[in-house]
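Subject: Structure handover

Hello,

Here is the structure I said I would pass on. Please open it beside this message and follow the residues as they come up.

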Amino acid sequence: MGGCFSDLQGAKEAVGGINQKATNNNNDAVDFFYTSQGFQPLFTQVELSFSAYDLLDMDITSKSDPMLVVYAKKADGRFEELGRTEVVTNCLNPEWIEKINIAFHFEIVQPLVFHVYDIDTTYHGVSTKTLKLEDQEFIGEATCNLSEIVTKQNRSLSLKLQSKNGNNGKKNLGTIIIRAEETVTSRSVVEIIFRCSDISSKSLNCWVSNDPFLRISRMVESGGYIPICKTEVIDNSLNPKWKQVCLNFQQFGSKETPLLIECFDFNMSGNHVLIGKMQKSIADLEKLCHERKGANFVMPSKLNGQEQILKGQLFVDHYFEKEQFSFIDYISSGFELNFMVAIDFTASNGNPQKSDSLHYIDVSGRLNSYQKAIMEVGEVIQFYDTDKRFPAWGFGGHIHGGAVSHCFNLNGARGVNSGVNSEVVGVEGIMDAYSKALKSVTLSGPTLFGPVINTAAQMAAESLSSYNSTKYYVLLIITDGIVTDLQESINAVVNASDLPLSILIVGVGGADFTSMEVLDADNEVLRNSTGCVAARDIVQFVPMREVQKGNISVVQSLLEELPDQFLSFMRSRNIKPLFSHSNA
């Protein structure tokens with residue numbers, strides 16, 4: 001098995017399937033194949049369909065012949081055409097058949113623009129792709145963000161058409177309806193636990209134990225194979241049992257599709273040694289589990305081309321088919337992301353009145369790093385929160401002339417730091433409360449995360465205990481310094497890891513944030529002071545200066561893991577969407 005690995009720990013981790021983190025980027029054949037084929041883990045393909053009613057009649061002797069054009073509005077204001085519907089002749093209430101496919105990225109705002117034209121009869125029969133739009137009559141336009149469509153419970157959004165200058169007068173230009181469907185052929189997944197027995201290295205003319213792992217590949221029409229999953233490496237074992245792998249029907253095609261299952265002895269050089277292989281379908285693996293039988297590995301013979309049957313066997317200890325829902329399934333059925341923010345008011349930020357301070361408010365309107373992080377993250381998450389009332393706190397400052405507080409209400413309200421007492425309205429409310437707090441709070445220290453995380457966790461726990469809770473909390477912590485209470489913060493994160501909560505941390509300024517990587521837990525399991533392990537990874541840390549060096553935004557870096565964290569919680573609790581969309 002070819003491929004190189006950047007580190008030993010990463011090289012031995014499982015890759016592929018659908019229970020692995022989307023950001024687990026080992027340089028392995030699985031990742032290489034999907035990346036080279038353009039399959040990125042950070043988006044979901046959705047299909048948009050369109051209809052309209054009460055369109056303005058642009059024709060005299062007949063009705064309008066409408067066509068709809070979809071554009072993506074870029075950051076620089078340019079329009080990128082995504083596609084066109086067909087022309088529906090003589091109709092003011094069209095239901096277009098042509099669909100438009102678009103990649104839904106949770107972590108960015110995706111503005112869409114819809115133009116409706118009346119196509120001149122002289123162009124009927126001409127391919128819509130070749131039509132010059134300037135030669136057609138413009139009926140009206142509408143705009144929205146893609147997230148506004150997918151968060152609707154029926155994934156359907158109605159928009160009134162407007163003229164390009166926004167001045168319709170008393171004219172009703174009509175209404176368009178956009179519907180979104182996730183392009184998932186099947187939500188069925190298969191959970192499998194593999195083990196092997198007697199995968200002796202005798203066939204390799206050595207007597208040392210192996211470090212075995214399995215690679216599973218699917219046969220394609222051309223006769224070759226593409227890898228879809230790799231288990232983790234089990235050190236020094238002839239009878240390994242691997243962690244559960246999870247495969248969906250999109251990955252293996254059908255239960256009868258031949259799969260190549262190969263067992264390798266891991267080698268850090270990347271030249272892994274084949275121990276044995278076999279060809280089995282999902283149906284075969286299900287049968288092995290039910291009959292509690294093993295299947296022998298084979299090894300191609302170099303002498304006569306015949307396959308040598310080996311002593312080593314593969315067993316399926318667990319096989320289970322289930323329905324696995326997507327992030328969009330939950331969001332469109334009424335689940336919400338509740339945004340919370342906590343801002344660092346420690347003295348290391350510098351005097352807010354001076355221009356070199358990280359808290360300096362520029363009169364020209366240029367955003368400081370704190371404002372930029374609030375705006376970028378809030379702009380995305382606000383669409384997933386219906387009431388847009390966000391708890392906002394500060395930490396590390398003197399308030400009301402008293403002692404240092406490590407969790408105070410950013411809006412200045414006294415008393416408890418949870419519930420409506422801490423809430424502000426919208427992202428602009430956070431920005432306003434932040435700028436006002438800079439005038440009343442005295443910067444101090446030290447930098448403690450524990451109290452803020454515990455407060456957020458308390459709200460998440462209270463929500464979880466309520467009937468039919470559909471809330472998932474997202475805490476954004478923005479800080480300029482190295483956390484002082486690292487162990488207390490780790491304890492708080494571990495305690496919160498089984499709650500509906502994710503924590504996003506943005507590091508601003510020039511401090512050494514190395515210790516923050518511990519909280520992120522991408523490289524090792526997080527343990528609290530008593531040795532308890534985090535139930536799941538709920539922290540994502542990004543130093544703003546590193547992000548600014550590249551082309552990816554702060555919000556993309558922070559939010560790329562959030563849908564997976566959301567799903568890992570829902571699946572761990574066996575929480576399902578409020579209704580199956582297909583039955584809605």
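Helices and strands here are DSSP runs, numbered from the N terminus. With that naming, Glu 191 belongs to strand 10, residues 188–197. Please keep in mind that this is a predicted model.

Confidence

The mean pLDDT of the protein chain is 84, and 86% of its residues reach 70 or more. Over residues 20–42 the pLDDT is below 50, although this stretch has 44 contacts in the model beyond near neighbours in sequence. Residues 202–207 also have a pLDDT below 50, and that stretch has 5 contacts beyond near neighbours in sequence. Where pLDDT is low, the predicted coordinates should not be read in detail.

Glu 191

Is Glu 191 buried or exposed? Its relative accessibility is 11%, so Glu 191 counts as buried, because the cut-off for buried is under 20%. The side chain of Glu 191 makes a polar contact of 2.6 Å with the side chain of Lys 322. Setting aside neighbours within four places in sequence, the residues in contact with Glu 191 include Gln 244, Val 245, His 318 and Tyr 319.

His 272 sits in the loop between strand 14 (259–265) and strand 15 (273–280). His 272 is buried, with a relative accessible area of 8%, and its side chain reaches the backbone nitrogen of Asn 267 at 2.9 Å.

Tyr 123 is placed in the loop between strand 6 and strand 7 (137–145). With a relative accessible area of 26%, Tyr 123 is partly exposed. Which side chain does the side chain of Tyr 123 make a polar contact with? The partner is Asp 135, at 3.4 Å. In sequence, Tyr 123 and Asp 135 are 12 residues apart, and their C-alpha atoms are 9.7 Å apart in space. Not counting residues up to four places away in sequence, Tyr 123 also touches Leu 131 and Gln 136.

Aromatic rings

A pair of aromatic rings is described by the distance of the centres and the angle of the planes. The structure holds 21 aromatic pairs. In one of them, the ring centres of Phe 106 and Phe 327 are 5.1 Å apart and the planes are at 80°, so the pair is edge-to-face. Phe 106 is in the loop between strand 5 (100–104) and strand 6 (111–118), while Phe 327 is in helix 6 (residues 327–332), so the pair ties together parts 221 residues apart in sequence. Both Phe 106 and Phe 327 are buried. Ring pairs link them into a cluster whose members include Phe 325, Tyr 330, Tyr 384 and Phe 569.

Charged side chains also lie over rings. Arg 195 is over the face of Phe 315, 4.2 Å from the ring centre, and Lys 230 is over the face of Phe 213, 5.3 Å from the ring centre.

In soluble globular proteins, nonpolar side chains tend to be buried together. The largest nonpolar core in this model has 80 residues, and those with the most contacts inside it are Phe 114, Ile 176, Leu 337, Phe 345 and Leu 559. Helix 8 (residues 426–440) gives the largest share of this core, 7 residues. A second, separate core has 35 residues, among them Phe 449, Ala 457, Met 516 and Phe 541.

Regards

Definitions and conventions: Residues are numbered from 1 along each chain as its sequence is written. Side-chain values use heavy atoms; hydrogens and water are left out. Helices (H or I, at least four residues) and strands (E, at least two) are DSSP runs, numbered from the N terminus. Buried means under 20% relative accessible area, exposed over 50%, partly exposed in between (1.4 Å probe, protein chains only). A polar contact is a pair of N or O atoms within 3.5 Å; within protein, one must be able to donate a hydrogen and the other to accept it, and residues adjacent in sequence count only if both atoms are side-chain atoms. Rings of Phe, Tyr and Trp (its six-membered ring) pair if their centres lie within 6.5 Å; planes under 30 degrees apart count as stacked, over 60 as edge-to-face and the rest as tilted. A charge sits over a ring if NZ of Lys or CZ of Arg is within 6 Å of the ring centre and within 35 degrees of the ring normal. Contact means heavy atoms within 4.5 Å. A nonpolar core is a set of buried Ala, Val, Leu, Ile, Met, Phe, Trp, Tyr and Cys residues joined through side-chain atoms within 4.5 Å. pLDDT is the predictor's confidence in each residue, from 0 to 100.
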